[in-house]
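Let's take a walk through a protein structure together. Have a look at the picture first, and then we will go from the whole to the details.

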Number of protein chains: 2
Amino acid sequence: LSLAAPMSFTTALARRWQEADTRLCVGLDPDPARLPAALRGRADAPFAFCAAIVDATADLVCAFKPQIAFFSAQRAEDQLEDLIAHIHRAHPQVPVILDAKRGDIGSTAEHYAREAFERYAADAVTLSPYLGGDSLAPFLAYPGRGAFVLCRTSNPGGDDLQMLDAGGQRVFERIAHLAATRWNLNGELGLVVGATYPAELARVRAIAPQLPLLVPGVGAQGGDIQALLQAEASGAAQAEPGARRGAVVINSSRAILYAGGGEDYAAAARAAAQRTRDEIRHCQVGRPPAT
Amino acid sequence: LSLAAPMSFTTALARRWQEADTRLCVGLDPDPARLPAALRGRADAPFAFCAAIVDATADLVCAFKPQIAFFSAQRAEDQLEDLIAHIHRAHPQVPVILDAKRGDIGSTAEHYAREAFERYAADAVTLSPYLGGDSLAPFLAYPGRGAFVLCRTSNPGGDDLQMLDAGGQRVFERIAHLAATRWNLNGELGLVVGATYPAELARVRAIAPQLPLLVPGVGAQGGDIQALLQAEASGAAQAEPGARRGAVVINSSRAILYAGGGEDYAAAARAAAQRTRDEIRHCQVGRPPAT
């Protein structure tokens, strides 16, 4: 098992941006109820489906994001291992973000970090911030590995906690501040900010101009690509001039995975991914490449 | 796979209290670096170790709490399934709390709920509150299954978010209030409150007198049993008189699992569990049984 990525996660993201000019991330959520008929019932369906999507879209994406719950609910952890190994082997230039939203303390967090980075060999992982900085540290102890902390999520219930006013600053703003400063132990921390709240995305970018942002919520969840990119740019404009600007990784899962329901699912996914990548390119005219 | 527990989780906890007069929960965290020498290197070590602990302590506990990270980091999900099946078969009166601290939205949360309740057949699960009420709902859609939401945790970094003042109420108090009201869709929701902060445990109990509390942090983490039980009682005294009072489940993991380092590990664990159960009994004199 390799403990250190060949280059750091944020470096790999920036290089991918320069080489392929894409901010699209394809989420790999193999839902057994939505698989093409030809794959249903096959024991290797999660791997076979996702690997076909990966191979059909790899040149269009800056990252892949497998969602671990879809594998765990099906007793298919071995297929998730195989899938990530396949991405590293066949598409080594595309980093893998394991969407696991882990969050625990001490030795338990160390075991979750081992799961993500040693067992699955992910380049980055998503984490929950509720337990604070020391729950993130065991992940950031892996040099060069990345982590995206939940900040402002795309679901309605996200308001319950994230929008609380904590002394003139909302909780998600406080999380963004902590992630940009004290929590960012290895310089590889990023934030998850839903596409469905552009005004709040702008706030996060103003607070944390240098952090990579993972933005779910376009496609099936209805987030607007132009609105989110404008918000990101306006937030960055409020930050210190000349500040290095972190990458933006725009995730779409279902709208790409299930674009076609039949035998042509991989070709349909490729077409949907290409449309989404191109829409992002079209909306981001004038933005300089991330460094 | 059985979808409904034979009785609800909170009922099972209350019955266990009446029958066995114990609030002790033994956490099952099989750390490969701390296993007895005779088990090290054995492929079935996580199951063999935990099953021996379970059989040695079952009559002393109100619940078992396996920690999923310790199994996942070792590719031992099948052994976690076998372990929980063993508890249900050999000790059907003892409910199982799967410590997973999941938290995600929509269809992803549904898959995590399937993992916890269908694949692993847990009676309850631990969850993170950061994503709000709709991230808990897919778990509470299982009738009779329980969930403990992180509220005030026992680690130093817990302050980062949980202690923020949100309009005169700290974030953990807000979580306790939500869990006691709007979030509690199936009446089976509880809260995780660390033993290391008795004053805050008292606040949580005052806000949520009826909710079961899962209290980690005694034993290796140094929480004081007498202080936590006094805090719980003083919090309950501030609540509405006559309010039904939820169970208190006091978890100890390492101090019991690794009480003996040699061949006698199960007997040493039993002795440590008995001491802890008895200390809890001694400190709780005068408290009426939970209903």
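How many residues of chain B are in contact with chain A? Keep in mind that you are looking at a predicted model. In it, 56 residues of chain B are in contact with 56 residues of chain A. The two chains bury about 4400 Å² between them, and 54% of that area lies on carbon and sulfur atoms. On the side of chain B, the residues that lose the most area to chain A are His111(B), Tyr130(B) and Asp160(B), which together make up 18% of what that side buries.

Now let's turn to chain A by itself. You can find 12 helices and eight strands in chain A. Its radius of gyration is 18 Å, close to the 19 Å that the globule rule gives for 291 residues, so chain A is as compact as a globular protein of that length. If you follow the C-alpha trace of chain A along its principal axes, it spans about 55 × 45 × 35 Å.

How is this chain put together? Take the contacts in chain A between residues at least 6 apart in sequence: 73% of them join residues at least 24 apart. Of the 291 residues of chain A, 63% count as buried. The accessible surface of chain A comes to about 9900 Å², with 51% of it belonging to carbon and sulfur atoms.

Next, let's zoom in on a single residue. Thr57(A) sits in helix α2 of chain A, which covers residues 45-57. Is Thr57(A) buried or exposed? Its relative accessible area is 0%, and buried means under 20%, so Thr57(A) is buried. Leaving aside residues up to four places away in sequence, Thr57(A) touches Val26(A), Phe64(A), Ala269(A), Arg270(A) and Ala273(A).

Our last stop is a helix. Helix α6 of chain A, residues 133-140, is mostly covered, with six of its eight residues buried. The buried ones are Gly133(A), Ser135(A), Leu136(A), Pro138(A), Phe139(A) and Leu140(A). What covers these buried residues of α6(A)? From chain A, the cover includes the helix α5 (106-119) and the strands β3 (97-102), β4 (124-127), β5 (146-152) and β6 (189-193).

Note on methods
Residues are numbered from 1 along each chain as its sequence is written. Chains are lettered from A and ligands numbered from 1 in the order in which they are written. This is a predicted model: local features need pLDDT of at least 70, side-chain atom pairs count only at pLDDT 80 or more; totals for chains, interfaces and linings use all residues. Side-chain values use heavy atoms; hydrogens and water are left out. Helices (H or I, at least four residues) and strands (E, at least two) are DSSP runs, numbered from the N terminus. The radius of gyration is taken over C-alpha atoms; the globule rule is 2.2 Å times the number of residues to the power 0.38. Buried means under 20% relative accessible area, exposed over 50%, partly exposed in between (1.4 Å probe, protein chains only). Contact means heavy atoms within 4.5 Å. Accessible areas come from the Shrake-Rupley method with a 1.4 Å probe; for residues, only the protein chains shown count as cover. Buried area is the accessible area (1.4 Å probe) that two parts lose on being put together, summed over both.
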